[in-house]
Amino acid sequence: MMILWQLFWEFCKVGVFCVGGGYASMPLIQDSVVDTFHWLSMSEFIDVFTISQMTPGPIGINAATFVGTKVAGLAGAICATAGFVTPSFILGIILAKLFFKYGDIGPVRGILNGLRPAVVALICVASFSFIWLSVWNIETMPRTWAELSNISWGGLIILVGAVAASRMNVGVIKVLIGSGVGGLIFGYLGILY
Amino acid sequence: MSSQESKISKEEQEERRKELEAEMERQLKAQSAKRDWLFYWTLFKSTFLISAFTVGGGFVIIPLLKGKFVDEYHWLTEKDTINLVAIAQSMPGVVAVNSAVILGYRMAGILGTLVALVATVLPPLIIITIVAYCYEFFVRSEVVKTILKGMQCGATALIVNVGIDLVLKQAKKKLILPILIIIATFIANAVWDFNIMALVLIDGFIGLFLLRDKKYS
């Protein structure tokens, strides 16, 4: 019982202090789970990271669930995840309330008008890093000819997916399932990487 | 000079008014959706599926949420969604969870928040619990790897779509400052690796002082 409460509380703290998305939570989780409580060894923790990146779903949630399962089974997974999202839940409701109430007064409108272009820019940045990763299997822009020519058939999946979603009104889930099937076929033919 | 200026501004005003009317209409449509058990079931189902099929973290979930709730169901307007995602982005925690909480609240209050939150958390909880028990198989399996790689390409297509769409919409408005912010933020983050949180804060401040005018919203 004690350990469940500890899991909840530790991940609650991670949830409060992880500013800037899922990757930012990894050092915090490492600090508490590996260094302080010794629930996992470092190599197990690296496994957590690998799996979290490979599986669908937000990385932070994946990590919380995996650590919870390793430490205390299903109940541990539920407690760690619940702890992790509790701060988001409380803070999110407060901020959404404030947004309704004050969203249309001058200063707040100004801030939001500044934040919207920022989100657009960040989505563009994310788009490019996704393109490098899916088409060239590298994390930064291809710079040499050798890197550039190592192009993967994943690009075709992207093209078809983009056309289907924007021109043919295919739903987002269907696009993702379809591209999963595409990956399976290209992988079977050995031309995905 | 002044007569020319007033003529232009009149045309602009007319355009602006039309835009506002269209926005109001969408707003009304978004609010009038029925909040019955079918609504909550659809909300749960869509959020659950989105979370289950999102490979690759934070920003991927934005085009998915937009595709479902703005384009398909019209429960939210696009502007509201981007505003709320901006808030979700600048608070602590995971972007996907924050977005689900805030958008859920926007659509249906506390109950909507709870439904969206549980639906977001449940798929990773189920998948990871299973994976944790058969880890060896999972990391070695080529089949799993290729499917996930394919889905990553699909996610790329969706996020690129939304990126292009948003940039074009902003460019059409022909307002200099927001476009400058987009370009500067993009370069600062993509080229110089500037911290995202810091950028969001700076842009918020720029907005606070320079973008209060109604024409920017």
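Over all chains, the structure holds 14 aromatic pairs, where rings of Phe, Tyr and Trp (its six-membered ring) pair if their centres lie within 6.5 Å, with planes under 30 degrees apart counted as stacked, over 60 as edge-to-face and the rest as tilted. In A:Phe37 and A:Trp39 the ring centres are 4.6 Å apart and the planes stand at 15 degrees, so this pair is stacked. Before I go on, this is a predicted model, in which local features need pLDDT of at least 70 and side-chain atom pairs count only at pLDDT 80 or more, while totals for chains, interfaces and linings use all residues. Residues are numbered from 1 along each chain as its sequence is written, chains are lettered from A, and side-chain values use heavy atoms, with hydrogens and water left out.

A:Phe37 is partly exposed at 25% relative accessibility, whereas A:Trp39, at 17%, counts as buried (buried means under 20% relative accessible area, exposed over 50%, partly exposed in between, with a 1.4 Å probe and protein chains only).

As for confidence, chain B has a mean pLDDT of 80, with 88% of its residues at 70 or more, pLDDT being the predictor's confidence in each residue, from 0 to 100.

Finally, B:Val191 is exposed, with a relative accessible area of 56%.
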